[in-house]
Amino acid sequence: MFSNDTLVRDIQIAELKMLQYLDQICEKYDLQYYLCGGTLLGAVREKGFIPWDDDVDVMMPRKDYEWLLAHREEIFTDKYFLYDYKIDKKENNPRRIPALCDKSKKLLFCHGNTSREQYILLDIFVLDGMPRGKIRRNLHYFHFLLWHALLQLSWYDTTVNQYRTDRPKLEKIIIKLLNGIKVRPNWDSQKLVQKENKILAKYPWDCSDYVCSLLGPRKRKEILPKRYFDNTIKLKFENLMLNVPEMYHEELVHYYGDYMTPPTSREEKELHHRIEIIR
């Protein structure tokens with residue numbers, strides 16, 4: 001099931017309102033955020049949404065995100081809710097990435113072995129510090145990967161995208177094996193998320209030369225020089241002016257290479273578009 005253009009645009013309009021709402025909150029409370037991923041790419045290349053993109057992503061330094069989470073009850077309205085799986089397991093299906101939820105609109109996601117319902121979301125990727133020195137950074141990264149793999153296995157059928165065509169060969173083999181086994185461990189995923197979060201929060205932003213958002217999809221590429229985020233500028237995104245790193249070009253080259261050339265194949269455009277609005 002591929003989402004049609006009308007459905008994607010309906011979702012984008014709701015997400016644009018969420019971006020505006022988050023921008024206003026961050027402006028009011030002097031919190032830092034940056035557009036990232038496909039949302040940053042859209043701002044630079046399209047001056048708005050990539051036409052086929054159905055999600056929005058921002059990054060926040062951990063100290064800003066943790067303040068926002070601590071004050072969420074007094075800040076957010078009934079329509080919007082700041083979701084964090086570490087403390088809100090009962091609120092939604094498994095997802096480790098914090099998100100601003102639009103509780104007025106619900107989607108059915110069909111990209112795993114098991115369909116799942118969730119609200120329209122604005123994903124918030126928390127930026128953490130990294131240890132100094134390449135060897136220590138690598139050790140920290142592989143320590144995180146161990147717990148990340150355990151967590152992925154614990155909710156494999158619901159969250160692992162079965163339709164991605166850009167996976168490395170090893171990942172494709174592992175997915176094929178897991179689909180054949182069918183037996184899943186009965187671990188407490190909330191405790192695993194808390195352990196993963198503890199690892200990520202170990203190194204403070206202010207004492208780091210490199211920072212990371214290791215819950216992002218690009219694995220080692222989620223480790224970035226901290227200088228990319230030293231300064232913030234505004235870029236046009238649809239009818240809004242939103243925060244991006246001043247060194248957005250370096251960040252996009254790091255992630256995508258030739259980021260100004262759009263993909264041409266349908267598969268590249270629709271890797272994660274198997275959704276429908278159910279409310």
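Buried denotes under 20% relative accessible area, exposed over 50%, and partly exposed the range in between, with a 1.4 Å probe and protein chains only. The structure is a predicted model, in which local features need pLDDT of at least 70 and side-chain atom pairs count only at pLDDT 80 or more, whereas totals for chains, interfaces and linings use all residues. Residues are numbered from 1 along each chain as its sequence is written, and side-chain values use heavy atoms, without hydrogens and water.

**View 1. Overall chain.** Of the 279 residues in the chain, 52% count as buried. The chain contains 10 helices and 10 strands, taken as DSSP runs numbered from the N terminus (helices H or I, at least four residues; strands E, at least two).

**View 2. The largest nonpolar core.** A nonpolar core is a set of buried Ala, Val, Leu, Ile, Met, Phe, Trp, Tyr and Cys residues joined through side-chain atoms within 4.5 Å. The largest one has 43 residues, and Leu 19, Leu 35, Leu 68 and Leu 122 touch the most other members. Helix H1 (residues 5-28) supplies the largest share of this core, 10 residues. Apart from this core lies another, of 13 residues, including Tyr 34, Phe 229, Met 247 and Tyr 255.

**View 3. Surroundings of Leu 19.** Contact means heavy atoms within 4.5 Å. Leaving aside residues up to four places away in sequence, Leu 19 touches Leu 35, Thr 39, Val 56, Val 58, Leu 122, Phe 237, Leu 240 and Leu 242.

**View 4. Val 183.** Val 183 lies in the loop between helix H7 (169-181) and helix H8 (189-200). Val 183 counts as exposed because its relative accessibility is 63%.
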